[in-house]
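Dear colleague,

Please find below the structure that I am handing over to you. My findings follow directly after it.

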Amino acid sequence: MKKANDPRCLRQKQVAESPVLALITAAGSSSRMGDSGNKLFMDLCGKTVIRRCMEIFENSTLISAFLLTAAPADLLRMREEAKGLTKCLAVVSGGEERSESVLFGLRALRKLSKASGDTLVLVHDGARPLLTEDKLRELIETNRRAHCAVGLAVEVTDTMRVLRSDGKIDYSPERRLIRAMQTPQAAELELFLRALELAREEHVQLSDDLEALARIGCPMQLVRGERSNIKITWPEDILVAKTLLENKDKQQT
């Protein structure tokens with residue numbers, strides 16, 4: 001049992017008391033799912049993918065409030081999915097590109113939460129419904145300790161090939177130096193806004209949110225993610241997620 005003055009206990013108390021906001025991006029087209037429809041509305045052991053994702057932040061002791069971005073055509077359905085969640089500030093329209101959706105969401109989050117510019121914001125893909133509280137805590141603690149932007153990432157296990165524009169192999173990067181990025185990715189609200197506003201002004205295509213922060217010289221650090229934090233992208237991913245969730249439930253009973 002931890003004592004009240006145990007450094008671990010004090011650190012957890014500090015993290016819990018610091019306001020942290022989350023932005024869930026759910027405005028994608030789900031084009032890789034084929035005829036399966038919007039992947040976020042697919043059933044995952046009795047709840048939709050997006051409902052499970054929102055409940056991660058609703059039930060977390062680390063998150064003060066969250067906001068969701070959605071495609072205009074999905075706004076009504078997404079708002080139905082968010083009913084009863086007290087930490088959900090709003091469901092707002094996203095943009096054509098993911099980075100634009102994040103920017104619109106952050107603007108709305110700043111307005112509705114009345115948060116200060118140094119408030120930590122976690123940006124998370126709505127298609128990742130298996131994020132754990134432990135990884136949320138580790139991200140937040142790393143940001144507080146290192147004073148930098150942070151993101152989850154996992155080592156790659158497959159051999160990678162970089163192709164030339166003609167489709168021929170250019171070279172094979174060292175696998176030990178490659179990481180596959182996950183979400184959440186986190187930084188202070190004003191840093192995120194400044195980075196994304198600049199990228200939009202300069203018409204830069206971004207691969208993820210940390211790339212926008214790197215462009216303005218923001219220091220960053222990666223936190224080792226979990227392979228269970230999968231992104232529902234292909235039809236078979238929902239089967240994998242169901243298996244992971246069922247195994248987790250068995251372990252907890």
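Thr48 touches Leu40, Phe41, Met42, Arg77 and Glu81, leaving out residues up to four places away in sequence. Please note that the model is a predicted one. Thr48 belongs to strand 3, which covers residues 47-48. Its relative accessibility is 12%, so Thr48 counts as buried. Two partners of its side chain deserve mention. With the side chain of Glu81, the side chain of Thr48 makes a polar contact at 2.8 Å. The side chain of Thr48 also reaches the backbone nitrogen of Arg51, at 3.1 Å.

Arg51 leads on to helix 2, where it is one of the buried residues. Helix 2 spans residues 49-59, and because ten of its eleven residues are buried, it is largely enclosed by the rest of the structure. The buried residues are Val49, Ile50, Arg51, Arg52, Cys53, Met54, Glu55, Ile56, Phe57 and Glu58.

Leu68 lies in strand 4, residues 65-70. With a relative accessible area of 0%, Leu68 is buried. Apart from its neighbours within four places in sequence, Leu68 is in contact with Ile50 and Met54, and also with Ile24, Ala26, Met78, Ala90, Val91 and Val92. Leu68 and Ala27 are 41 residues apart in sequence, while their C-alpha atoms are 8.9 Å apart in space.

Arg128 is placed in the loop between strand 6 and helix 5. Is Arg128 buried or exposed? Its relative accessibility is 8%, and Arg128 therefore counts as buried. Setting aside neighbours within four places in sequence, Arg128 is in contact with Cys53 and Ile56, as well as with Met181, Gln182, Thr183, Asn229, Ile230 and Lys231. The C-alpha atoms of Arg128 and Thr183 are separated by 7.9 Å, although the two residues are 55 apart along the chain.

Thr183 is also of interest for its backbone. A cis peptide bond joins Thr183 and Pro184, with omega at about 10°. Pro184 lies in strand 10, which runs over residues 179-188.

Two further backbone features concern the angle phi. Cys45 has a phi near 55°, a positive value in a residue other than glycine. Cys45 is located in the loop between strand 2 (43-44) and strand 3. Its relative accessible area is 29%, so Cys45 is partly exposed. For His147, phi is likewise near 55°, again a positive value in a residue other than glycine. His147 sits in the loop between helix 5 (133-146) and strand 7 (149-155). With a relative accessible area of 65%, His147 is exposed.

I turn next to the packing of two helices. Helix 4 (residues 98-113) and helix 6 (residues 189-201) pack at an angle of about 140°, and their axes are 10 Å apart. Helix 4 is therefore oblique to helix 6. The crossing of the two helices is left-handed. On the side of helix 4, the contact is made by Ser99, Glu100, Val102, Leu103, Phe104, Leu106, Arg107 and Arg110. On the side of helix 6, Leu189, Glu190, Phe192, Leu193, Leu196, Glu197 and Arg200 take part. Sorted by class, this contact has eight nonpolar, one polar and six charged residues.

Arg110 and Leu189 from this contact are also touched by Ala115, as is Leu21, not counting residues up to four places from Ala115 in sequence. Ala115 is found in the loop between helix 4 and strand 6 (120-125). Because its relative accessible area is 18%, under the 20% limit, Ala115 is buried. Ala115 and Leu21 are 94 residues apart along the chain, and their C-alpha atoms are separated by 8.8 Å.

Finally, some values for the protein chain as a whole. How many helices and strands does the secondary structure of the protein chain come to? There are eight helices and eleven strands. The chain has 253 residues, of which 48% count as buried. Among contacts between residues at least 6 apart in sequence, 71% join residues at least 24 apart. The pairs described above include Arg128 with Thr183, 55 residues apart along the chain, and Ala115 with Leu21, 94 residues apart.

With kind regards

Conventions: Residues numbered from 1 in each chain as written. Predicted model: local features only at pLDDT ≥ 70, side-chain atom pairs only at ≥ 80, totals over all residues. Heavy atoms only, no water. Axes fitted to C-alpha atoms, helices over the stretch in contact; angles between N-to-C directions. Helix = DSSP H or I, 4+ residues; strand = E, 2+ residues; numbered from the N terminus. Parallel < 35°, antiparallel > 145°, perpendicular 65-115°, else oblique. Left-handed = near helix turned anticlockwise from the far one by under 90°. Contact = heavy atoms within 4.5 Å. Nonpolar A, V, L, I, M, F, W, Y, C, P; charged D, E, K, R; others polar. Buried < 20%, exposed > 50% of the residue type's maximum accessible area, 1.4 Å probe, protein only. Polar contact = N/O pair within 3.5 Å; in protein donor to acceptor, adjacent residues only side chain to side chain.
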